[in-house]
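This report walks through one protein model, from a single side chain to the overall fold. Please keep the sequence and the structure open while reading.

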Amino acid sequence: MNISLPRDPVLLAARLLLAALFVFMGWGKLTDYAGTVDYMASTGAPVPALSAGIAIIVELGIGLALVAGVLVTPLALALAAYTIVTAFIGHHYWTFTGMQRYDMWIHFYKNFSIAGGLLALAAAGPGRIAIGGKAK
(Lines give C-alpha, C1' and ligand atoms only; values in the text may rest on other atoms or scores of the structure.)
Protein backbone atom coordinates (compact mmCIF):
# COMPACT_ATOMS: atom_id res chain seq x y z
CA MET A 1 0.00 0.00 0.00
CA ASN A 2 1.56 3.26 -1.11
CA ILE A 3 -0.11 6.39 0.22
CA SER A 4 1.23 9.75 -0.79
CA LEU A 5 0.30 12.72 1.38
CA PRO A 6 0.68 16.36 0.36
CA ARG A 7 3.91 17.17 2.23
CA ASP A 8 3.51 20.89 2.91
CA PRO A 9 -0.09 20.86 4.22
CA VAL A 10 0.73 17.83 6.39
CA LEU A 11 3.80 19.56 7.84
CA LEU A 12 1.67 22.64 8.57
CA ALA A 13 -0.89 20.44 10.35
CA ALA A 14 1.91 18.74 12.31
CA ARG A 15 3.33 22.09 13.39
CA LEU A 16 -0.09 23.39 14.44
CA LEU A 17 -1.06 20.24 16.33
CA LEU A 18 2.26 19.94 18.15
CA ALA A 19 2.41 23.66 18.94
CA ALA A 20 -1.20 23.90 20.18
CA LEU A 21 -0.43 22.11 23.45
CA PHE A 22 2.52 24.37 24.21
CA VAL A 23 0.77 27.62 23.21
CA PHE A 24 -2.31 26.82 25.31
CA MET A 25 -0.29 25.66 28.31
CA GLY A 26 2.13 28.59 28.07
CA TRP A 27 -0.77 31.04 27.87
CA GLY A 28 -2.40 29.43 30.90
CA LYS A 29 0.84 29.74 32.85
CA LEU A 30 1.20 33.38 31.83
CA THR A 31 -2.35 34.34 32.79
CA ASP A 32 -2.09 32.55 36.16
CA TYR A 33 1.53 33.19 37.03
CA ALA A 34 0.97 32.85 40.79
CA GLY A 35 -0.75 29.50 40.30
CA THR A 36 2.07 28.42 38.01
CA VAL A 37 4.68 29.27 40.63
CA ASP A 38 2.69 27.31 43.22
CA TYR A 39 2.49 24.34 40.84
CA MET A 40 6.22 24.52 40.14
CA ALA A 41 6.89 24.50 43.89
CA SER A 42 4.61 21.47 44.35
CA THR A 43 6.55 19.47 41.73
CA GLY A 44 9.89 20.28 43.33
CA ALA A 45 11.03 22.36 40.35
CA PRO A 46 14.13 24.39 41.21
CA VAL A 47 13.55 28.11 41.93
CA PRO A 48 9.79 27.96 41.22
CA ALA A 49 9.41 31.60 40.10
CA LEU A 50 12.29 31.28 37.65
CA SER A 51 11.07 27.85 36.50
CA ALA A 52 7.62 29.34 35.82
CA GLY A 53 9.14 32.16 33.76
CA ILE A 54 11.25 29.73 31.75
CA ALA A 55 8.25 27.48 31.15
CA ILE A 56 6.19 30.43 29.86
CA ILE A 57 8.95 31.62 27.53
CA VAL A 58 9.68 28.14 26.19
CA GLU A 59 6.09 26.95 25.81
CA LEU A 60 4.52 30.13 24.51
CA GLY A 61 7.54 31.46 22.62
CA ILE A 62 8.64 28.28 20.89
CA GLY A 63 5.06 27.19 20.39
CA LEU A 64 4.24 30.39 18.50
CA ALA A 65 7.48 30.13 16.50
CA LEU A 66 6.51 26.62 15.41
CA VAL A 67 3.07 27.85 14.35
CA ALA A 68 4.75 30.49 12.19
CA GLY A 69 7.34 28.03 10.90
CA VAL A 70 10.32 30.02 12.16
CA LEU A 71 13.58 28.17 13.01
CA VAL A 72 11.62 24.92 13.14
CA THR A 73 14.53 22.48 13.25
CA PRO A 74 16.51 23.97 16.17
CA LEU A 75 13.41 25.01 18.10
CA ALA A 76 11.72 21.62 17.70
CA LEU A 77 14.92 19.97 18.98
CA ALA A 78 15.01 22.34 21.97
CA LEU A 79 11.33 21.74 22.70
CA ALA A 80 11.83 17.96 22.47
CA ALA A 81 14.60 18.18 25.09
CA TYR A 82 12.46 20.47 27.27
CA THR A 83 9.55 18.02 27.02
CA ILE A 84 11.71 15.10 28.19
CA VAL A 85 13.13 17.13 31.09
CA THR A 86 9.64 18.23 32.18
CA ALA A 87 8.50 14.60 32.16
CA PHE A 88 11.03 13.90 34.93
CA ILE A 89 10.21 17.10 36.85
CA GLY A 90 6.43 17.18 36.57
CA HIS A 91 5.34 13.58 36.08
CA HIS A 92 7.47 11.49 38.43
CA TYR A 93 5.04 8.56 38.50
CA TRP A 94 7.43 6.43 40.56
CA THR A 95 6.61 8.55 43.65
CA PHE A 96 2.86 7.88 43.46
CA THR A 97 0.62 4.89 44.12
CA GLY A 98 -2.64 3.59 42.72
CA MET A 99 -4.52 5.60 40.13
CA GLN A 100 -2.33 8.67 40.65
CA ARG A 101 0.69 6.57 39.66
CA TYR A 102 -1.11 5.37 36.53
CA ASP A 103 -2.17 8.94 35.63
CA MET A 104 1.37 10.27 36.07
CA TRP A 105 2.74 7.28 34.11
CA ILE A 106 0.50 8.20 31.17
CA HIS A 107 1.61 11.84 31.30
CA PHE A 108 5.28 10.85 31.62
CA TYR A 109 5.22 8.71 28.48
CA LYS A 110 2.95 11.17 26.66
CA ASN A 111 5.81 13.64 26.98
CA PHE A 112 8.13 11.11 25.32
CA SER A 113 5.64 10.64 22.49
CA ILE A 114 5.35 14.39 21.96
CA ALA A 115 9.15 14.62 21.93
CA GLY A 116 9.16 11.96 19.20
CA GLY A 117 6.79 14.06 17.10
CA LEU A 118 8.99 17.09 17.64
CA LEU A 119 12.06 15.14 16.53
CA ALA A 120 10.24 14.05 13.37
CA LEU A 121 9.26 17.66 12.72
CA ALA A 122 12.87 18.77 13.27
CA ALA A 123 14.02 16.22 10.69
CA ALA A 124 11.32 17.11 8.15
CA GLY A 125 11.54 20.89 8.53
CA PRO A 126 8.70 23.40 8.31
CA GLY A 127 7.60 22.80 4.74
CA ARG A 128 6.77 25.59 2.33
CA ILE A 129 3.75 26.91 4.27
CA ALA A 130 5.87 28.80 6.76
CA ILE A 131 7.65 32.08 7.20
CA GLY A 132 10.73 31.49 5.09
CA GLY A 133 9.60 27.94 4.36
CA LYS A 134 11.67 25.92 1.93
CA ALA A 135 11.34 22.54 0.34
CA LYS A 136 13.68 19.85 1.70
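Does K110 count as buried, partly exposed or exposed, and at what relative accessibility? The model is a predicted one, and in it K110 has a relative accessibility of 32%. Buried means under 20% and exposed means over 50%, so at 32% K110 counts as partly exposed.

## Surroundings of K110

K110 is part of helix α5, which spans residues 98-124. The side chain of K110 makes a polar contact of 3.2 Å with the side chain of N111.

G98 and K110 are 12 residues apart in sequence, and their C-alpha atoms are separated by 19 Å.

## Overall fold

The chain contains 5 helices and 0 strands, giving the pattern α-α-α-α-α along the sequence. Along the principal axes, the C-alpha atoms fill a box of roughly 45 × 35 × 20 Å.

Of the 136 residues in the chain, 37% count as buried. Among contacts with a separation of 6 or more, 64% are between residues 24 or more positions apart.

In soluble globular proteins, nonpolar side chains tend to be buried together. The largest nonpolar core of this model has 24 residues, and the members that touch the most others are I62, L66, L79, L118 and L121. Helices α1, α2, α3, α4 and α5 each give two or more residues to this core.

Leaving out residues up to four places away in sequence, I62 touches I57, L75, A78 and L79. L79 is also on the list of core members with the most contacts to other members.

## Largest pocket

Rolling a probe the size of a water molecule over the atoms shows where empty space is left. The largest pocket has a volume of about 670 Å³. Its lining comprises 28 residues, and those nearest the centre are K29, M40, E59, Y82 and T86.

Each of the helices α1, α2, α3, α4 and α5 supplies at least two residues of this lining. Helix α4, residues 72-90, gives the most, with 6 residues. By residue type, the lining of the largest pocket divides into 15 nonpolar, 10 polar and 3 charged residues.

## The loop between α4 and α5

Y93 sits in the loop between α4 and α5. Is Y93 buried or exposed? The relative accessible area of Y93 is 16%, and the limit for buried is under 20%, so Y93 is buried.

Apart from neighbours within four places in sequence, Y93 is in contact with R101, M104, W105, F108 and Y109.

D8 lies in helix α1, which covers residues 7-31. With a relative accessible area of 18%, D8 is buried.

Which residues does D8 touch, not counting those up to four places away in sequence? They are G127, R128 and I129. A polar atom of the D8 side chain lies 2.9 Å from the backbone nitrogen of R128.

Notes
Residues are numbered from 1 along each chain as its sequence is written. This is a predicted model: local features need pLDDT of at least 70, side-chain atom pairs count only at pLDDT 80 or more; totals for chains, interfaces and linings use all residues. Side-chain values use heavy atoms; hydrogens and water are left out. Helices (H or I, at least four residues) and strands (E, at least two) are DSSP runs, numbered from the N terminus. Buried means under 20% relative accessible area, exposed over 50%, partly exposed in between (1.4 Å probe, protein chains only). A polar contact is a pair of N or O atoms within 3.5 Å; within protein, one must be able to donate a hydrogen and the other to accept it, and residues adjacent in sequence count only if both atoms are side-chain atoms. Contact means heavy atoms within 4.5 Å. On a 1 Å grid over the protein atoms alone, a cavity is a set of points where a 1.4 Å probe fits but cannot get out, and a pocket is an open set with protein on both sides within 12 Å along at least five of seven lines; lining residues have an atom within 4 Å of a point. Grid points are joined across faces, edges and corners, and a volume is the space filled by probe spheres set on the points. Ala, Val, Leu, Ile, Met, Phe, Trp, Tyr, Cys and Pro count as nonpolar, Asp, Glu, Lys and Arg as charged, and the others, Gly among them, as polar. A nonpolar core is a set of buried Ala, Val, Leu, Ile, Met, Phe, Trp, Tyr and Cys residues joined through side-chain atoms within 4.5 Å.
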